[in-house]
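Hello,

Here is the structure I promised to pass on to you. Please have a look at it first, and then read my notes below.

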Amino acid sequence: MSNTETRPAEMRCGALEDEVPAAGVEVLTARDVPLGGPRAMTVRRTLPQRARTLIGAWCFADHYGPDDVAASGGMDVAPHPHIGLQTVSWLFSGEIEHRDSLGTHAFVRPGELNLMTGGFGIAHSEVSTPDTTVLHGVQLWVALPEEHRDTGRDFQHHAPAPVAFDGGTARVFLGSLAGDTSPVSTFTPLLGAELTLVPGGTATLDVDPGFEHGVLVDSGDVRVEGAVVRPAELGYVAPGRATLTLTNESAAPARLILLGGPPFPEEIIMWWNFIGRSHDEIVRAREDWMKGDRFGEVHGYDGAPLPAPELPNTPLKPRRRAR
């Protein structure tokens, strides 16, 4: 799912100068964002926000569901553009049909990764399938570094097998964890995995000490290095740890998404579905989308593309990341 807000706020990476709390874990709460329409599907957004806007190159995290499609209407996102990023789609339940201007026609299914590279420009649509009754998952974005941000369009799919560790299981969709490595290529080092922790269980996982990490909890109360992170919250852990200890304080299995990567050194601007480096670049991308060139066509979607919202009256500016 993309940022289909009709009046998107400027999203700047990074943000405040606040230090991470002494315990080393910063707990971020989500804000509810309706994605438009008379029966708007609401998502819970933990990245970006003023307290923290990047975790590695991860710069956007929407968590949604379990959503009763009969009540909400499900997902129906018309063709829309992206530049300067990769989209990471991961479902817990339901199914989404994906079409893009590369010519890809694919499905997002639970436990299977779809990664799309926007680079210089791509367009895609996302529609929940007729058989979907409950839609539940996460949509994540990865910022592309300067040397690769105008790269060509691409699409990758991977269905990671579950791997067991003491205290739970993992599906590693990007990077390496618990003895498993994803074959999916990225432009910066990244970690992305779905973890399930047994009731009352504790797991200590080896992680890259050069990475900062984010623990996005879907179900259960998870203690992350001493701080409790509840459903829809994201726990941030600064670089410097060679292990990460997670405890499920619930009487049922807990599920979470673990994200990681080395601190992203560049200043970026996020607006609508674009990631750039300057106000003028965002203006050009918007104009290109409205003129109908650069991004290609999405075939097979029954409907018109999304129009771009109006830009704010003040220039878009990057802001330094939190320390």
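**Salt bridges**

There are 14 salt bridges by the rule used here, which asks for a side-chain nitrogen of Lys or Arg within 4 Å of a carboxyl oxygen of Asp or Glu. Before going further, please note that this is a predicted model: local features need pLDDT of at least 70, side-chain atom pairs count only at pLDDT 80 or more, and totals for chains, interfaces and linings use all residues. Residues are numbered from 1 along each chain as its sequence is written, and side-chain values use heavy atoms, leaving out hydrogens and water.

One of its partners is glutamate 281, with 2.6 Å from N to O. This pair links distant parts of the chain, 132 residues apart: arginine 149 is in the loop between strand 12 (134-143) and strand 13 (154-158), while glutamate 281 belongs to helix 2 (residues 279-291). Helices (H or I, at least four residues) and strands (E, at least two) are DSSP runs, numbered from the N terminus. Both arginine 149 and glutamate 281 are buried; that term stands for under 20% relative accessible area, with exposed over 50% and partly exposed in between (1.4 Å probe, protein chains only).

Arginine 149 also forms a salt bridge with glutamate 146, where the closest N and O atoms are 2.9 Å apart. Arginine 149 has a relative accessible area of 12%, so it counts as buried, whereas glutamate 146, at 44%, is partly exposed.

Helix 2 holds another pair: lysine 291 and aspartate 288 lie 3 residues apart, about one turn of the helix. Their closest N and O atoms are 4.0 Å apart in a salt bridge. Lysine 291 is exposed at 59% relative accessibility, and aspartate 288 is buried at 16%. Elsewhere, salt bridges with shared partners join Glu146, Arg149, Glu266, Arg277 and Glu281 into one network.

**Aromatic rings**

What is the count of aromatic pairs? It comes to 7, taking rings of Phe, Tyr and Trp (its six-membered ring) with centres within 6.5 Å; planes under 30 degrees apart are stacked, over 60 edge-to-face and the rest tilted. Phenylalanine 274 and phenylalanine 295 are stacked because their planes meet at 20°, with ring centres 6.2 Å apart. The two are 21 residues apart and link distant parts of the chain, phenylalanine 274 being in strand 27 (residues 274-276) and phenylalanine 295 in the segment after helix 2. Phenylalanine 274 has 0% relative accessibility and is buried.

Phenylalanine 295 also pairs with tryptophan 289: the centres are 5.7 Å apart and the planes are at 80°, so this pair is edge-to-face. Tryptophan 289 and phenylalanine 295 are both buried. Trp271, Trp272, Phe274, Trp289 and Phe295 make up one aromatic cluster.

**Glycine 192 and the whole chain**

Glycine 192 lies in strand 18 (residues 191-197) and is buried, with 0% relative accessible area. Not counting residues up to four places away in sequence, glycine 192 touches several residues, including Trp58, Phe173 and Leu258; contact here means heavy atoms within 4.5 Å.

Overall, the protein chain has 2 helices and 27 strands. Of its 323 residues, 56% are buried. Among contacts with a separation of 6 or more, 74% are between residues 24 or more positions apart.

Enjoy exploring it!
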